[in-house]
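Please view the sequence and the model below before reading on.

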Amino acid sequence: PTTMQEIAETKEKVDLNNLIDRVVEKLPIGEKTLKVDKHWLIDKEVYVEPESFSRAIQEVLQTSFAQTKKGGEVRIVTRPNGRKVEIEITDTGSGFPDETLKDVFKESKEHNLKSTQDIIHRHKGNISISSQQGIGSTYLIEIPT
């Protein structure tokens with residue numbers, strides 16, 4: 001599904017924590033030994049188009065894993081926020097330099113966060129990134145319940 005209408009037509013109620021768990025299980029961590037720390041603070045289901053939403057989460061996690069050195073940590077938190085649900089992914093990676101951060105949602109060889117942003121927007125949600133070079137990045141995804 002690529003249009004808002006197609007996404008709306010194929011949305012289904014899913015357990016967000018299970019969806020993220022399945023994405024994490026499929027990701028290769030490779031040579032790196034990363035700690036993936038999960039905090040599930042929601043227990044309600046959300047309406048998403050599972051395939052594209054999983055792709056968006058996967059892209060964020062792949063970008064986060066790629067920036068995090070061996071022995072680093074990636075923390076995933078799901079939590080309610082009023083009429084929205086937040087997914088916060090924080091890593092102890094290299095972070096984005098300021099000049100790269102402003103262009104992070106443009107097409108890039110290193111990551112596909114542009115298409116991730118498109119998918120989140122089609123779910124009537126939002127994604128933002130805060131980052132400090134050498135310290136890590138935090139990706140915040142908000143979607144309406």
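How many helices and strands make up the secondary structure of the protein? In this predicted model, the protein contains five helices and seven strands. Their order along the sequence is α-β-α-β-β-α-β-β-α-α-β-β. The protein is as compact as a globular protein of 145 residues, because its radius of gyration of 15 Å is close to the 15 Å given by the globule rule for that length.

**Overall dimensions and surface**

- The C-alpha trace of the protein spans about 40 × 30 × 30 Å along its principal axes.
- Of the 145 residues in the protein, 46% are buried.
- The protein has an accessible surface of about 7,900 Å², and carbon and sulfur atoms account for 47% of that surface.
- When contacts between residues at least 6 apart in sequence are considered, 73% of them join residues at least 24 apart.

**The largest nonpolar core**

- In soluble globular proteins, nonpolar side chains tend to be buried together.
- The largest nonpolar core of this protein holds 34 residues. Which of these residues touch the most other members? They are Phe53, Ile57, Leu61, Ile87 and Ile141.
- Two or more residues of this core come from each of the helices H2 (16–26), H3 (50–67) and H5 (113–122). The strands S3 (45–48), S4 (73–81), S5 (84–91), S6 (126–132) and S7 (136–144) also give two or more residues each.
- Helix H3 provides the largest share of this core, namely six residues.
- Beyond its neighbours up to four places away in sequence, Phe53 touches Leu16, Leu19, Val48, Ile87, Ile119, Ile120, His123, Ile141 and Ile143.

- Leu61 lies in helix H3. Is Leu61 buried or exposed? Leu61 has a relative accessible area of 0%, so it counts as buried.
- Apart from residues up to four places away in sequence, Leu61 touches Val23, Val24, Leu27, Val74, Ile76 and Ile89.
- Leu61 and Thr90 are 29 residues apart along the chain, and their C-alpha atoms are separated by 9.5 Å.
- Ser64 also belongs to helix H3, and Ser64 is buried with a relative accessible area of 0%.
- The contacts of Ser64, leaving aside neighbours within four places in sequence, are with Val74, Ile89, Asp91 and Tyr139.
- A separation of 14 Å lies between the C-alpha atoms of Ser64 and Lys38, which are 26 residues apart along the chain.

- Thr78 is located in strand S4. Its relative accessible area is 0%, so Thr78 is buried.
- Which residues does Thr78 touch, not counting those up to four places away in sequence? They are Leu16, Asn17, Ile20, His39, Trp40, Leu41, Ile42, Glu86 and Ile87.
- Lys84 is located in strand S5. Lys84 has a relative accessibility of 38%, so it counts as partly exposed.
- Setting aside residues up to four places away in sequence, Lys84 touches Arg79, Glu142, Ile143, Pro144 and Thr145.
- One of these contacts, Glu142, is 58 residues from Lys84 along the chain, while the C-alpha atoms of the two are separated by 6.3 Å.

- Glu6 is part of helix H1 (residues 4–10). With a relative accessible area of 34%, Glu6 is partly exposed.
- The C-alpha atoms of Glu6 and Glu49 are separated by 9.1 Å, and the two residues are 43 residues apart along the chain.
- Where is Lys124 found? Lys124 sits in the loop between H5 and S6.
- Lys124 has a relative accessibility of 59% and therefore counts as exposed.
- Although Lys124 is not a glycine, it has a positive phi of about 60°.

Note on methods
Residues are numbered from 1 along each chain as its sequence is written. This is a predicted model: local features need pLDDT of at least 70, side-chain atom pairs count only at pLDDT 80 or more; totals for chains, interfaces and linings use all residues. Side-chain values use heavy atoms; hydrogens and water are left out. Helices (H or I, at least four residues) and strands (E, at least two) are DSSP runs, numbered from the N terminus. The radius of gyration is taken over C-alpha atoms; the globule rule is 2.2 Å times the number of residues to the power 0.38. Buried means under 20% relative accessible area, exposed over 50%, partly exposed in between (1.4 Å probe, protein chains only). Contact means heavy atoms within 4.5 Å. Accessible areas come from the Shrake-Rupley method with a 1.4 Å probe; for residues, only the protein chains shown count as cover. A nonpolar core is a set of buried Ala, Val, Leu, Ile, Met, Phe, Trp, Tyr and Cys residues joined through side-chain atoms within 4.5 Å.
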